[in-house]
Amino acid sequence: LELKMRDGLRICLSYTDLMWFSYAPEGPTIDLEFGGIFVTIKGRGLGEALFNHIKQKRVAWIKEADTEMQDHPGNATFIEEITFLTKQEEAGQQEEAA
């Protein structure tokens, strides 16, 4: 799975390393863990299409939108932001919150 950031950074993660993932409609976000790397995808239209296609390992790439103008009714899915953390960064954030 290739993650394409709007700043040009590209990250490739193997589906074989995908430990778990979840969809939270109130976000709306999809969270994924690839063997110690946590990825959060935030946007619109994630539930049915994107979640199910990830489940079937049919998504080759996901790209952050370049501008908010790309968020319109003609786009069934809109990716507002992709963030990722390592296990160490996640543990540090949990300690700060405590």
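Mentor: The protein chain has 2 helices and 7 strands, where helices (H or I, at least four residues) and strands (E, at least two) are DSSP runs numbered from the N terminus. Read from the N terminus, the order of elements is β-β-β-β-β-α-β-β-α. The model is predicted, so local features need pLDDT of at least 70 and side-chain atom pairs count only at pLDDT 80 or more, while totals for chains, interfaces and linings use all residues. Residues are numbered from 1 along each chain as its sequence is written, and side-chain values use heavy atoms, with hydrogens and water left out.

Of the 98 residues in the protein chain, 32% are buried; buried means under 20% relative accessible area, exposed over 50%, and partly exposed in between, with a 1.4 Å probe and protein chains only.

Now the core itself. The largest nonpolar core holds 20 residues, and I41, L50, I54 and I62 have the most contacts inside it. A nonpolar core is a set of buried Ala, Val, Leu, Ile, Met, Phe, Trp, Tyr and Cys residues joined through side-chain atoms within 4.5 Å. Two or more residues of this core come from each of β4 (29-34), β5 (37-44), α1 (46-55) and β7 (78-86). Helix α1 supplies the largest share, 4 residues.

I54 shows what such a residue meets. Leaving aside residues up to four places away in sequence, I54 touches Y15, L18, F21, I30, L32, V59 and I62; contact means heavy atoms within 4.5 Å. Across the protein chain, 51% of the contacts between residues at least 6 apart in sequence join residues at least 24 apart.

Strand β4 also contains T29. T29 counts as buried because its relative accessible area is 15%. Beyond residues up to four places away in sequence, T29 touches S22, Y23, A24, T40, I41, K42 and L46. I41, one of these, is also among the core residues with the most contacts inside the core.

I62 leads on to the largest pocket: of the 13 residues that line this pocket, W61, I62, K63, T77 and I79 are the closest to its centre. A pocket is an open set of points on a 1 Å grid over the protein atoms alone, where a 1.4 Å probe fits, with protein on both sides within 12 Å along at least five of seven lines; lining residues have an atom within 4 Å of a point. Strand β6 gives the most to this lining, with 3 residues.
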